[in-house]
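I opened this entry to keep track of what I looked up.

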Amino acid sequence: MGASDASSWYADADGDGYGDATSTTAACTAPTGYVSDATDCDDSDSSVHPEAEERCNDLDDDCDGEADEGLESTW
């Protein structure tokens, strides 16, 4: 496999299996701490990733661009 066959890998600092699109490297196999998925919206918090359940906490827990959607209550 030549250098032209290298894949892009994304740093997964929080270890949740989703990487940071702004922190990338190219290699033939995934370096330690890197993954092929670049969809983590907060790589400093392992509870925040595209498959996370949305919680009422003013954060976008599931990386869909909205915080607390469907959880708001009127008081």
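I began with strand β1, residues 7-11, which runs antiparallel to β3 and is joined to it by two bridges. Strands here are DSSP runs of E, at least two residues long, and helices are runs of H or I of at least four; both are numbered from the N terminus. Ala 11 sits opposite Tyr 34 of β3.

This is a predicted model, so I noted the limits: local features need pLDDT of at least 70, side-chain atom pairs count only at pLDDT 80 or more, and totals for chains, interfaces and linings use all residues. Residues are numbered from 1 along each chain as its sequence is written, and side-chain values use heavy atoms, with hydrogens and water left out.

Next I looked up the sheet order. The sheet is open, has three strands in the order β2-β1-β3, and pairs antiparallel. β2 (24-27) and β3 (34-35) are the edges; each has a single partner strand, so one side of each lacks a neighbour in the sheet.

Then I moved to the segment after β3, where I found Asp 58 and Leu 59. I checked accessibility with a 1.4 Å probe on protein chains only: buried is under 20% relative accessible area, exposed is over 50%, and partly exposed is in between. Asp 58 is exposed at 68%. Leu 59 is partly exposed at 42%. I listed contacts for Leu 59 (heavy atoms within 4.5 Å). Beyond neighbours within four places in sequence, Leu 59 touches Glu 54, Ala 67 and Asp 68. From Leu 59 to Glu 69 I read 9.9 Å, C-alpha to C-alpha, across ten residues of sequence.

Most residues other than glycine have a negative phi. Asp 58 has a positive one, near 65°. Cys 63 also has a positive phi, near 60°.

Which cysteines does a disulfide join? I counted a pair of sulfur atoms within 2.5 Å. The whole structure gave one disulfide. Cys 41 is bonded to Cys 63, S to S 2.2 Å. Both cysteines lie in the segment after β3, so the pair ties together parts 22 residues apart in sequence. The S-S torsion is about -80°, so I logged the disulfide as left-handed. Cys 41 is partly exposed at 43%.

Last, I checked Cys 56. Cys 56 is in no disulfide, and the nearest cysteine sulfur, that of Cys 41, is 17 Å away. Cys 56 is exposed at 61%. Cys 28 is partly exposed at 37%.

Methods
Pairing = 2+ DSSP bridges.
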